[in-house]
Amino acid sequence: MENQLQNHLDDFDVIVVGAGHAGCEAALSAARLGMKTAVFTLTLDGIANMPCNPSIGGTAKGHLVREIDALGGEMGRAADATFLQSRILNRGKGPAVHSLRVQSDRIKYHTYMKQQLEQTENLSVKQDEVCRILTDDNRVTGVVTRLGSEYSAKAVIIAGGTYLNGTIHVGDSSYAGGPDNVMPATHISDSLKELGINLRRFKTGTPARVHKRSINFDVLEKQDGDDKITPFAFDNDAKLENTVSCYIAYTNDETHNVIKDNIHRSPMYSGRIEGIGPRYCPSIEDKIMRFPDKPRHQLFIEPMGLDTDEYYLQGMSSSLPEDVQIKFLRTIKGLENVEIMRNAYAIEYDCCDPTDLAPTLEFKGISGLYGAGQFNGTSGYEEAAAQGLVAGINASMKIMGKEPMILDRASSYIGTLIDDLVTKGCLDPYRMLTSRSEYRLLLRQDNADIRLTPTGHEIGLISDERYDALQKKLELIGKEIDRVWHVNLGPSKDLNDYLESCGTEALQSGIKLAQLIRRPQLSYDGLKFVDPNRPELPEQVKEQVELQIKYEGYIKIQLEQVEAMRKLEKKALNPDTDYSQIKGLRLEAIEKLNKIKPLSVGQASRISGVNPADINVLLIYLEQQSSAGRALS
Ligand SMILES: Cc1cc2nc3c(=O)[nH]c(=O)nc-3n(C[C@H](O)[C@H](O)[C@H](O)COP(=O)(O)OP(=O)(O)OC[C@H]3O[C@@H](n4cnc5c(N)ncnc54)[C@H](O)[C@@H]3O)c2cc1C
């Protein structure tokens, strides 16, 4: 054994380092799969903390949350139970980008998740800092904490977020700290480096929180939630209601001038921050410096909970000095007398290089060691939770000697996220976007259960009852689509008047009801009056009937593309292959292939620096391998 053990306290199957959004999903999934699990956190009061915007979901992030729910994760249920306001974003665009987003009660979300952890069998929740990862011959064996306690484990999942050597920056002040001034984790990075894990510095930032009494809401635009609320959880049929409004304000020339005049005092622009920040969540300084011609920037003023007067200024993350923050905020209409309760700040932290991970999120070099969340180079609660779920499932699958769960790009945004991370890596904090998927018409938020719940059931996180409910839903969808293709309609006066009122052509002759549903101006619900035998169907079923009929052609094209992609995914590559031995590969391709160790030709084809000619060489090599194999057998 590498490390002599001082005081051994307990044995676990899975140990999760961190009880943030990644850690919670990892711990819950492992424990629910029967693993004796422990989750460590620096403070129990920070479980599932929202150190940034008090919201769950949004463009592409809403898709991730629904996929987490479809697989049997917890975030969707937590978001439904603790939301303040719910909206579907991008309603004016196609269904592929419709994204659910809720304003969450930050404290209630924390309490909900803490209770879930406390009430889950097989799960121990511990407040202590994990300082060392123990290994034996490149296999994880346990952890040692700040108190010198040692716990053995067959798998360890690192989900330490933005706490690893966390450094807070506000103007000229820089100090060791984690989000919301919780202490940073200052030992585990060295232990990981000793194990040969590459760590790098990333950075992110958050805006100020201000006092409700100091906001003049009368002059702000009000933004309310949707009348009809769609829950994140597919089996949640509770009646949900919005309880708060959000508000919209704008920066102006004066705001921009204050920031430009003080940009030299920004740790980002003075070079004191080395960490790389998120491209898609820029600070207000970045926005003003990068888009100088833009006359104003929008900000959302969002309540952080029902039992607090704190308001969050979405879009105003900054690391400028406190006096500058007050000055530029008070130039904004509605915030002239604003009182800051928590300053905006930037945080730098250590994270790993996700190309050192296999698609299971296990480190290629250390058996039983997994990474999840911000530690893997992503940004966002939803991205973190998705990885935590996958790492928790795969650590458990490996311990049980079962096949890992590797979701491909055509199955889900979760599969796309992980494939992007482990195959392409990320040079700045990776945030999920719908444009990252080449199959986004298939990966809509409305059909995540159809795509993933069978997998969640097979793994053991989805109950038989819920699986049967999905089968029932699929049956109803199939029956109804078949029925509307057999409903014949004639050019009646009522129907033609309705068609013209919707701005679409009147009928000259008979037509199938489904053909009408296909017209962009028409909807399944809208045509109820010409369909007297229509059965009463659940909302989710009606939604699928309409979408599958309307987008049948596009969906068919994407499914053909998926088939072609999966052909290459099926061409397995041995991760231990030494690509320098394969004749015809270019040097760059050899380097990249030996680094990434792809599991298939499909994955190899997505590695930057591996081009189609290299893929042909690999295909020929595999063909030669199999014909040599056949000759021997
Ligand atoms: C200042 C700031 C700004 C952000 N801005 C954005 C943004 O603009 N957009 C966006 O999408 N996301 C943003 N995020 C990022 C993201 O939302 C979160 O960081 C997210 O919470 C990541 O989840 P996680 O589970 O990976 O880690 P975290 O939620 O950070 O949780 C980490 C957990 O690990 C524990 N921990 C760490 N080290 C140890 C240890 N050694 N031993 C025991 N426990 C340990 C901590 O106590 C905590 O429980 C921001 C985060 C911060 C802090």
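Strand E8 (residues 140-145) has six of its six residues buried, so the strand is largely enclosed by the rest of the structure. Buried here means under 20% relative accessible area, exposed means over 50%, and partly exposed lies in between (1.4 Å probe, protein chains only). The model is a predicted one: local features need pLDDT of at least 70, side-chain atom pairs count only at pLDDT 80 or more, and totals for chains, interfaces and linings use all residues. Residues are numbered from 1 along each chain as its sequence is written, and side-chain values use heavy atoms, with hydrogens and water left out.

- Strand E7 (residues 130-135) runs antiparallel to E8, and five bridges join the two; strands are DSSP runs of E with at least two residues, helices are runs of H or I with at least four, and both are numbered from the N terminus.
- Two strands count as paired if DSSP finds at least two bridges between them.
- Thr-135 has Val-140 in E8 as its bridge partner.
- The hairpin of E7 and E8 has four residues between the strands, and Asp-137 in the turn has a positive phi of about 55°.
- E8 also pairs with strand E9 (residues 149-158), in the antiparallel sense and over three bridges.
- Within that pairing, Val-144 stands opposite Glu-150 in E9.
- Three residues lie between the strands in the hairpin of E8 and E9, where Gly-148 takes a positive phi near 80°.

**Four-stranded sheet**

- An open sheet of four strands has the order E11-E10-E19-E12, with antiparallel pairing.
- Strand E11 (173-176) and strand E12 (199-206) stand at the edges with a single partner strand each, so one side of each has no neighbour in the sheet.
- From one strand to the next the twist averages 25°; axes are lines fitted to C-alpha atoms, for helices over the stretch in contact, and angles run from 0 to 180 degrees between N-to-C directions.
- Strand E10 (residues 167-170) and E11 run antiparallel and are joined by four bridges.
- Val-170 has Ser-173 in E11 as its bridge partner.

- E4 and strand E5 (residues 99-104) run antiparallel and are joined by six bridges.
- Leu-89 stands opposite Ser-99 in E5.

**Helix H9**

- The 19 residues of helix H9 (residues 381-399) should span 27 Å at 1.5 Å a residue, and the end C-alpha atoms are 27 Å apart, which agrees; the expected span is 1.5 Å times one less than the number of residues.
- H9 is mostly covered, with 17 of its 19 residues buried.

**Two residues and their surroundings**

- Gln-544 is placed in helix H15 (residues 539-550).
- With a relative accessible area of 0%, Gln-544 is buried.
- Leaving aside neighbours within four places in sequence, Gln-544 is in contact (heavy atoms within 4.5 Å) with Arg-444, Asp-446, Asn-447, Ile-450, Lys-473 and Ile-477.
- Met-268 lies in the loop between helix H6 (253-261) and helix H7 (284-290).
- Met-268 counts as partly exposed, at 24% relative accessibility.
- Apart from neighbours within four places in sequence, Met-268 is in contact with Lys-203, Ile-273 and Ser-319.
- Met-268 and Ser-283 are 15 residues apart in sequence, and their C-alpha atoms are 9.7 Å apart in space.

**The chain as a whole**

- The protein chain has 19 helices and 22 strands.
- For 633 residues a compact globule would have a radius of gyration near 26 Å, and the protein chain has 26 Å, which agrees; the radius is taken over C-alpha atoms, and the globule rule is 2.2 Å times the number of residues to the power 0.38.
- The C-alpha trace spans about 85 × 80 × 50 Å along its principal axes.
- Of the 633 residues, 58% count as buried.
- Among contacts between residues at least 6 apart in sequence, 73% join residues at least 24 apart.
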